[in-house]
Amino acid sequence: MAAAGTEMVAGIDIATAAVRVMCVDAHGRVRSEGRAPLPRPTRSAGGRGEQDARAWWPAVAAALRQATAALPAGGREVVAVATSATSGTVVLADGAGEPLGPALMYDDRRAAELNAHAQRLGSPRWQALGLTVGPTAALGRIAWLAEAEGITDSRRAGRGRPQHAEPKPLPVDQPTPAADEGPRLPGDDAGAAGAAGAVGNSGSAVAAGGAGLVGEAGAAGLAGAADEAGDGGSAGGTGAAGLADEAVDGGLACGGLAGATSPAGDSGSAGDSGSAGDGLGGGGSSGHGLGGGRSSADGRGRRLLHTSDLIAWRLTGGPVATDWSHALKSGYDARVGEWPGEVLDALGVPSAWLPAVEPPTTEVGTVCAAAARETGLPVGCAVRLGMTDGCAGQIATGAVRPGQFVGVLGTTYVLKGVTRELVVDPAGALYSHRHPDGWWLPGGASNTGGEALADVPAGRLAALDRAAAARGPASVVAYTLRREGERFPFVSGEARGFLLGTPADDADRHRAALEGVAFLERLAIERVRELGVAVEGPLWAAGGGSRSPVWTRIRATALGMPLRVADHAETAFGAALLAASGSLHPDLAASAAAMVRTGRDIEPDETERAALDASYAAFTAALRERGWLR
């Protein structure tokens, strides 16, 4: 055991190209780090994206080994661990937790038609949650897996033309689980520090059409974090970690499976382990589920695992509950605390596949002997539930209390915050994860952001920043959208970028691009306030673009609000904060208060305020004239 005062926690970030680990003490000091590459996902026709799920655990074990070996006591100081991963990546496993095929990635579009069907099936539920089941939601891919297993054919179940009774509206005043009952971005490693647009993770485009279960964090990125909507540019190498079958199987030697390894074909056998509860499949601890109201027939001993679920299984030696953040894009309704039975039944998804669900930070087990040998973590180290990479990145900034918001400027721009009540955006541009303490995490991801500077050579960014600062406000107004369609802070499939006027020179053009993104951020804040949400200053700033002092000053001036640049806005650090909640500190708010450094505040430049206000008025007028903003 670690001596008093030396305890620390480990945060695991499973991105697309690499695994990152941070070991952090109770004061927020990063004491060691580890990293291991993952094989690049394969992309194929029809929008398919797959990755070898067998590579996840060896890479996690290697990164943990590297991090724990660098600690004074070789890892014995670590008292808790939590995992964050891309949102919506799923794999079907057998009763022993072995992947039965490749993982279907967060941006895989093979089930777009099934997702459209799921949107119709659960329309009242999604409306109450303020969600839209988009083309890349994991829910449709789960139904696709059921079809591939021969369990059902959703086409015959009426996909595209429901042949069942219309779903009954859900009571909007149904209480949500109380916080005491159990109680969200892409990495931008490629950016040049200090230069505007120092962002990475290209290739994470998500079509316009509203926020929802698709594209949670867009392509925007917290420094060093994976992107929920894509991080094709994240660093980490392309080599696959060794698959080491004995390492994958070793976790099973720790016990706790209680019959979960029955041969495939024994329907419901996957739900035999763990304590009694109302969760589906009985995976590990008790959790929120469907309350036994659905049949588990045709489960065939299979289990549906999110990336974080598979890692928790390896760490503890048995299946455990998932968290309601990673489960969101799989359809879990955190508002009422249940899987959407009416949707899953119609899609033919066996209930035995689905895990129990608990709040993030819940302790679901401890590190077993086999996992300890592979990772350097001590036996008995608490395994706590994490959150998706976008949510963990937000938490890493310290924005964890109601009224606190963070603007993440990576490849695209993302605004995320905390509210006491669920915020429902009729336009579908904003949607919410559930906070570990029962509050809500509303957020929206734009298709606009740091990629506005994608055509600028990295070597020129610093010089252009200096020139833009020297010249002052731009003479022209730019909407820097480079894709087709916008999804936040307004929704329009017709939106296109524009430039009002002719720039005097390259510095003027560069300054206009920086201002255009700042205007979009201001519009996003105004949109959130229109929905009745209080946004307190300062606004936390993260992502590669926030490393540019010039761009950050422009953003603060356009907002009329200070920006506080976060020191450790990495997903792994956010996962460490989640691990610390209940271990080193009583809860998440206490963890953030003790472990997140205040960062540096950038104040508005009042000498430029009037000019930027005038340009912002022209910016919004142009959006309205084109019919995109109402």
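This is a predicted model: local features need pLDDT of at least 70, side-chain atom pairs count only at pLDDT 80 or more; totals for chains, interfaces and linings use all residues.
Figure 1. Residues are numbered from 1 along each chain as its sequence is written, and side-chain values use heavy atoms, with hydrogens and water left out. A pocket here is an open set of points on a 1 Å grid over the protein atoms alone, with protein on both sides within 12 Å along at least five of seven lines; a cavity is a set of points where a 1.4 Å probe fits but cannot get out, and lining residues have an atom within 4 Å of a point. Points are joined across faces, edges and corners, and the volume is the space filled by probe spheres set on them.

**Figure 2. Meet the lining of the largest pocket, made up of 20 residues.** Nearest the centre of the pocket lie Ala452, Leu453, Val456, Arg509 and Ala513. Two or more lining residues come from each of α10 (458–471), β18 (477–479), β19 (498–500) and α11 (506–530). Helices (H or I, at least four residues) and strands (E, at least two) are DSSP runs, numbered from the N terminus. With five residues, α11 supplies the largest share of this lining.

**Figure 3. Helix α11 is mostly covered, with 20 of its 25 residues buried.** Buried means under 20% relative accessible area (1.4 Å probe, protein chains only). From first C-alpha to last, α11 reaches 36 Å, close to the 36 Å expected at 1.5 Å a residue; the expected span is 1.5 Å times one less than the number of residues. At its start, a side-chain oxygen of Asp505 comes to within 3.2 Å of the backbone nitrogen of Ala507. Just after α11, Gly532 takes a positive phi of about 90°.

**Figure 4. Glu77 sits in the loop between α1 (56–69) and β6 (78–85).** Glu77 is buried, at a relative accessible area of 4%. Its side chain reaches the backbone nitrogen of Ala73 at 2.6 Å. Cys23 is 54 residues away along the chain, yet the C-alpha atoms of Glu77 and Cys23 are separated by 9.4 Å.

**Figure 5. The largest cavity has a volume of about 80 Å³.** Among its 15 lining residues, Thr83, Ser308, Ala312, Arg384 and Gly386 are closest to the centre. Helix α6 gives the most to this lining, with four residues.

Methods. Buried means under 20% relative accessible area, exposed over 50%, partly exposed in between (1.4 Å probe, protein chains only). A polar contact is a pair of N or O atoms within 3.5 Å; within protein, one must be able to donate a hydrogen and the other to accept it, and residues adjacent in sequence count only if both atoms are side-chain atoms.
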